Amino acid sequence: MRELSWGIIMKKIEANVKNIYLYSHQIDMRLGMEKIQVILSQNFSPLELLDSMFVFVSRSRKIVKIYHEDEFGRTLLTRKLNYSKFRWPDFDKGGTLSAKDLKYLLEGAEVTKYRAKISYA
């Protein structure tokens with residue numbers, strides 16, 4: 001059996017994703033798929049879970065877990081950085097990202113939401 005690379009898996013999932021949510025609190029990275037599903041089912045309906053991506057980060061910001069559920073089943077992906085940390089955006093109560101922003105985040109780039117300065121002359 002050929003092992004699939006991270007990029008191929010992400011492309012297949014991103015094609016069907018409606019929303020990408022960032023979980024603002026740190027969770028225990030030892031949690032498996034069932035425990036993460038329990039956490040999500042307390043806050044989201046089954047229809048909201050379907051075709052959405054939920055991204056969790058460890059306290060050290062070296063491990064990211066991504067939970068995805070579609071009509072065929074559930075997927076839990078883990079990404080670990082050895083020599084650097086994920087540059088997690090500052091969302092106070094969670095937030096959403098685009099697929100492109102998630103890709104940059106998982107590659108180690110910093111994702112920020114810039115505000116335009118308006119000056120009144």
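Is R74 buried, exposed or partly exposed? R74 is partly exposed, because its relative accessible area is 34%. Here buried means under 20% relative accessible area, exposed over 50%, and partly exposed in between, with a 1.4 Å probe and protein chains only. I'll come back to R74.

First, the ground rules. This is a predicted model: local features need pLDDT of at least 70, side-chain atom pairs count only at pLDDT 80 or more, and totals for chains, interfaces and linings use all residues. Residues are numbered from 1 along each chain as its sequence is written, and side-chain values use heavy atoms, leaving out hydrogens and water.

Now confidence. pLDDT is the predictor's confidence in each residue, from 0 to 100. The mean for the protein is 76. Of its residues, 71% reach 70 or more. Among the elements, helix α2 has the highest mean pLDDT, 89. Strand β5, residues 95-97, has the lowest, 66. Where pLDDT is low, the predicted coordinates should not be read in detail.

Next, the layout. There are four helices and five strands. Both are DSSP runs numbered from the N terminus: helices are H or I with at least four residues, strands are E with at least two. The order along the sequence is α-β-α-α-β-β-β-β-α. The protein has 121 residues, and 31% of them count as buried. Take the contacts, meaning heavy atoms within 4.5 Å. Of those with a separation of 6 or more, 54% join residues 24 or more positions apart.

Let's look at strand β1, residues 19-22. Its side chains alternate. I20 and L22 point to one face and are buried. β1 pairs with β2 in the parallel sense, over four bridges. Two strands pair if DSSP finds at least two bridges between them. I20 has M53 in β2 as its bridge partner.

How many aromatic pairs does the structure hold? Five. Rings of Phe, Tyr and Trp (its six-membered ring) pair if their centres lie within 6.5 Å; planes under 30 degrees apart count as stacked, over 60 as edge-to-face and the rest as tilted. F54 and Y67 form a tilted pair, 6.5 Å centre to centre, with 50° between the planes. F54 sits in strand β2 and Y67 in strand β3, 13 residues apart, so to speak a link between distant parts of the chain. Both residues are buried. Ring pairs also link Y21, F44, F54 and Y67 into a cluster.

Side chains of opposite charge can pair when their charged atoms come close. A salt bridge is a side-chain nitrogen of Lys or Arg within 4 Å of a carboxyl oxygen of Asp or Glu. The whole structure has two salt bridges. In one of them, R74 meets E34, with the closest N and O atoms 3.7 Å apart. R74 lies in strand β4, residues 73-80, and E34 in helix α2, residues 33-41, so this pair ties together parts that are 40 residues apart in sequence. Another salt bridge joins R30 and D28, at 2.9 Å from N to O. R30 is exposed, at 73% relative accessible area. D28 is partly exposed, at 36%.

On to the loops. Most residues other than glycine have a negative phi, and most peptide bonds are trans. D51 has a positive phi of about 60° and is not a glycine. D51 lies in the loop between α3 and β2, and is buried, at 15% relative accessible area. R61 has a positive phi too, near 60°. R61 is in the loop between β2 and β3, and is partly exposed, at 30%.

K62 is also found in the loop between β2 and β3. K62 is partly exposed, at 26%. What does K62 touch, leaving out residues up to four places away in sequence? R79, K80, L81, N82, S84, K85 and F86. K62 and Y83 are 21 residues apart in sequence, and their C-alpha atoms are 8.5 Å apart.
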